[in-house]
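Please read them with the structure open.

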Amino acid sequence: MTAATPELVTPLPTIAREPFRPLATLAHRRLQLSARTPRELVVPLLTPILFALVIAPALKQALHTSAAYEAFVATGTIGLLIPLNTMFAGISVLVDRESGAQRELLAAPIPRALLVLANLIVAFAITALQIAVLLAVARARGIHFDVTTTSLLWFLAAGSIFTIGMYGAAETLAARVPRTEEYIGRVPAIAIVPWFLAGSLFPINALPSFLTWFARLLPLTHTLALVRYGLLNDPSSLHNIWRMHNTTTMAALSLLVVVAFAALLTTAGIRAFSRTAVR
Amino acid sequence: MELAIEVNELAKTYPGDVQAVKAISFSVNAGEVFGLLGPNGAGKSTTVGMLTTTILPSSGSAQLIGYDVVRQARETRSVSSVVFQEPVVDRSLSGRRNLEIHARLWRVEPTEAKARMDELAHTLGLTDLLERPLSTYSGGQQRRLEIARALISRPRVLFLDEPTVGLDPRIRAELLDVIAGLRDRTSTTILLTTHYLDEAERLCDRLAIIHEGTIVALDSPAALRADLGEKIVELRVRDNAQRTLELLRERGLAGEDAFSVGATITLPLHERRAPETITAIEEAGVRSAAITTREPTLDDVYLRLTGGQLSAAA
């Protein structure tokens with residue numbers, strides 16, 4: 001046997017220098033695939049809009065509450081929209097693996113983490129679009145938001161970082177379950193159950209005390225508290241969690257929880273994907 | 001001779017102590033078409049998986065164009081392409097878009113990619129199909145597009161993992177023509193896995209017969225057949241084939257390379273002449289149901305080496 005001669009080796013000057021071109025290619029591909037799958041765009045939006053437009057006004061009327069309650073529920077539905085949308089986005093990972101081009105992409109000369117990041121970019125963009133639609137619909141329905149530049153930043157930071165974390169959860173689950181049916185079966189436990197406990201429809205201190213403590217541990221509770229602080233200028237949800245007086249401190253602490261959640265699950269998602277990619 | 005693929009003592013053991021590949025070694029020269037021939041479960045796809053960096057070797061080493069498949073995985077991937085056993089495509093995207101994505105990920109300049117796409121589409125008869133979604137393609141069209149996609153990046157090494165499995169005979173024949181055309185037109189090194197003997201014989205310069213994770217023979221198809229001489233006698237016997245074979249060996253009518261599978265005994269003739277051998281077999285009192293003389297095939301080579309029927313196992 002002889003060793004490969006140097007002139008046979010193709011030089012690879014561009015591999016390390018331009019990671020964004022393949023990322024853009026992968027994200028563009030994912031966007032095209034999503035655009036051809038209307039369920040990814042429309043289905044996650046149905047339930048939150050139903051809550052914002054139908055259930056919240058009905059609850060307000062039935063319970064004789066104020067317009068503030070409508071706003072409370074409308075913003076709370078963001079906590080349903082993000083998990084539902086990101087978990088639905090995770091299905092595309094399974095489709096890619098079972099009947100799509102995932103193996104071709106794994107054979108490409110790119111860092112495999114880019115496959116996860118590209119999917120995340122598209123899931124993030126679609127979620128952002130859906131939240132914008134939800135808020136626009138709520139506004140058209142007469143719900144009043146009290147937004148300043150600073151409060152908007154709290155809202156955007158919390159929503160964005162929580163979306164990233166939930167997509168990490170979706171990637172992790174997609175890597176661990178072998179079939180789409182099993183994945184879908186687990187979505188309600190991850191995307192819907194926490195929503196009922198995280199102060200979406202009522203303040204968490206209305207729950208039994210042990211559940212209140214449990215709710216304080218949920219990243220979604222912190223996200224919703226920041227969303228309400230950002231969109232309604234209402235720090236009461238933050239106060240229910242931290243029982244402190246300084247709103248900025250409470251907001252910062254909640255954001256820290258959401259950041260930790262996102263960092264943990266994004267890392268887990270990339271690791272889980274990489275492990276399933278290479279046997 | 002320059003080496004495109006060099007494999008040394010490469011092994012893969014899956015959880016549960018399943019030894020899929022057992023310390024195999026081989027090398028493939030640049031520009032060569034090399035076949036891995038064996039039944040399903042022999043370790044062919046695991047070997048390709050290790051060479052394409054989607055399966056981590058348990059031990060041993062392998063290089064593609066000088067790049068180590070473990071330590072230089074991305075570099076390895078940059079000089080190779082794969083056509084997988086099953087369709088691996090974005091079915092809702094057009095053929096052209098599938099090709100573009102490959103070109104971009106393998107960093108082919110857009111103008112160059114466009115030219116190569118048009119050239120390959122023309123060569124592989126895809127020109128009229130490129131704008132259609134892949135979901136509208138037939139199995140053969142889809143497979144041709146996958147071959148075009150793999151060639152867009154002008155890989156130094158092309159892996160074809162059972163490229164004709166599951167295709168109907170007409171499409172399979174058409175695809176074999178395409179692969180034979182590649183062999184004639186490009187200098188790309190091709191590693192082809194198959195369990196079809198005719199495919200291996202037609203396409204491969206050399207082939208390795210892999211059985212239960214081990215390479216049991218490696219040479220050109222002609223050289224492998226030549227080991228069995230120019231003619232063989234095949235007889236189906238009514239009595240126990242193994243005992244009959246021992247009897248024939250005692251009478252000097254069968255050499256060490258004669259073998260039996262089921263009720264069939266295969267006797268390579270080498271220097272012996274067929275008529276005299278058949279007469280001697282009959283005089284030895286062997287009760288045969290049928291007796292024929294023919295040229296050896298790769299099937300005979302495989303049966304001699306493994307004692308199993310390749311096509312039946314596949």
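1. In chain A, 79% of the contacts between residues at least 6 apart in sequence join residues at least 24 apart; two residues are in contact if their C-beta atoms, placed from the backbone, lie within 7 Å. The model is predicted, with local features needing pLDDT of at least 70 and side-chain atom pairs counting only at pLDDT 80 or more, while totals for chains, interfaces and linings use all residues. Residues are numbered from 1 along each chain as its sequence is written, and chains are lettered from A and ligands numbered from 1 in the order in which they are written.

2. Chain A holds 12 helices and zero strands; these elements are DSSP runs numbered from the N terminus, with helices (H or I) of at least four residues and strands (E) of at least two. The C-alpha trace of chain A spans about 85 × 40 × 35 Å along its principal axes. Of the 279 residues in chain A, 45% are buried. A residue is buried if 20 or more other C-beta atoms, placed from the backbone, lie within 10 Å of its own, exposed if 12 or fewer, and partly exposed in between.

3. Chain B is assigned domain 1 (3-220) and domain 2 (229-295), with bounds from an automatic or database domain assignment. The centres of these two domains, taken over C-alpha atoms, are 40 Å apart.

4. The chains meet through 29 residues of chain A and 31 residues of chain B. On the chain A side, helix H1 (20-35) and helix H5 (102-106) each supply at least two residues, and H1(A) gives the largest share, six residues. That side comprises 16 nonpolar, seven polar and six charged residues. Here Ala, Val, Leu, Ile, Met, Phe, Trp, Tyr, Cys and Pro count as nonpolar, Asp, Glu, Lys and Arg as charged, and the others, Gly among them, as polar.

5. Two residues deserve a check of their backbone. Most residues other than glycine have a negative phi. A:Asn233, however, is not a glycine and has a positive phi of about 55°. A:Asn233 sits in the loop between helix H10 (219-232) and helix H11 (236-242) of chain A, and counts as partly exposed because it has 14 C-beta neighbours inside 10 Å.

6. B:Glu162 also has a positive phi, near 45°. B:Glu162 lies in the loop between strand E7 (157-161) and helix H6 (169-185) of chain B. With 22 C-beta neighbours inside 10 Å, B:Glu162 counts as buried.
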